[in-house]
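Let's take a walk through this model together. Please keep the sequence and the 3D view open as you read.

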Amino acid sequence: MNRVTRCTGIAVLITAVLFTAGAAGSAVASNGNDHHRREAAALTGTAKLYRVAGDDITFSFDAHLAAKDNDDPSKATGTFRFSHYLNGDGAYAKAKVDCLVTGGKVAVVSGVITESDLPGAKGKRVGVTVHDLGRHDRLGYSWASVGNPAETKDLPKCVSSAPFERVKQGTGDFTVVPWQPKF
């Protein structure tokens, strides 16, 4: 067997192995077994906001949209928390996620407050926007124009403000998984 024939035979063998492995991998990924597919969207992480006055403002997210629910962001699950304290005064709230939409490195999540020590906040829907910029994340919230979450009235799902707040340096670890709807 000459050298060209041997090289051609090896190339054909390698191509056949790679093609077979690729086809097998595709079969595994498309067999309906969701644990091999990435989730449709997600927002996770915790950060403190930067405030000159020294306010302690923290936001934490654990929001997910399962791959099987890719066509309906209102099927998102999880929770998010936020708190705002200054000189020992302030409040916290925990919300149950009811919608999550992401695009690139931006996420908008909304939820209904299930726990809070802020009078009038429990039962209100609030929304938060996160821009995942690595070490310089930004954040916005639906109550920016009204003052606090208890003042929010009739907010639709997945609505918030632009991410105008800066995250305090060294605290941001938000991660946004971009949504890829089938349009």
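What follows moves from the sheet to the disulfide, the salt bridges and the pocket.

This is a predicted model, in which local features need pLDDT of at least 70 and side-chain atom pairs count only at pLDDT 80 or more, while totals for chains, interfaces and linings use all residues. Residues are numbered from 1 along each chain as its sequence is written, and side-chain values use heavy atoms, with hydrogens and water left out.

Let's begin with the sheet. It is open, has 9 strands and runs in the order β8-β7-β6-β5-β4-β3-β2-β1-β9, with antiparallel pairing. Strands here are DSSP runs of E with at least two residues, numbered from the N terminus, and two of them pair if DSSP finds at least two bridges between them. At the edges stand β8 (165-166) and β9 (175-177); each has a single partner strand, so one side of each is left without a neighbour in the sheet. For a look at one pairing, take β6 (residues 125-131) and β7 (residues 138-141), which are antiparallel over 4 bridges. Here His131 stands opposite Arg138 in β7.

Now to the cysteines. A disulfide is a covalent bond between the sulfur atoms of two cysteines. With the cut-off set at sulfur atoms within 2.5 Å, the count comes to 1 disulfide. It joins Cys99 to Cys158, with an S to S distance of 2.2 Å. Cys99 belongs to strand β4 and Cys158 to the loop between β7 and β8, so the pair ties together parts that are 59 residues apart in sequence. The torsion about the S-S bond of Cys99 and Cys158 is about -105 degrees, so this disulfide is left-handed. Both Cys99 and Cys158 are buried (buried means under 20% relative accessible area, exposed over 50%, partly exposed in between, with a 1.4 Å probe and protein chains only).

Which charged side chains meet? The structure holds 6 salt bridges, each a side-chain nitrogen of Lys or Arg within 4 Å of a carboxyl oxygen of Asp or Glu. One of them links Lys105 and Asp132 at 3.8 Å, N to O. Lys105 sits in the loop between β4 and β5 (106-116) and Asp132 in the loop between β6 and β7, so this pair ties together parts that are 27 residues apart in sequence. Lys105 is partly exposed at 45% relative accessibility, whereas Asp132 is buried at 10%.

Another salt bridge brings Asp69 and Lys68 together at 3.4 Å, N to O. Asp69 is buried at 13% relative accessibility, while Lys68 is exposed at 62%. Lys48 and Asp56 also form a salt bridge, their closest N and O atoms being 2.8 Å apart. Here Lys48 is partly exposed at 30%, and Asp56 is partly exposed at 34%. Finally, Arg51, Asp55 and Glu165 are linked in a network of salt bridges.

Our last stop is the largest pocket, with a volume of about 320 Å³. A pocket here is an open set of points on a 1 Å grid over the protein atoms alone, where a 1.4 Å probe fits, with protein on both sides within 12 Å along at least five of seven lines; lining residues have an atom within 4 Å of a point. The largest pocket is lined by 19 residues, and His84, Trp143, Gly147, Asn148 and Pro149 lie nearest its centre. The elements that give two or more residues to this lining are β2 (56-65), β3 (77-86) and β4 (89-103), and β4 gives the most, with 4 residues.

Note on methods
Points joined across faces, edges and corners; volume = space filled by probe spheres on them.
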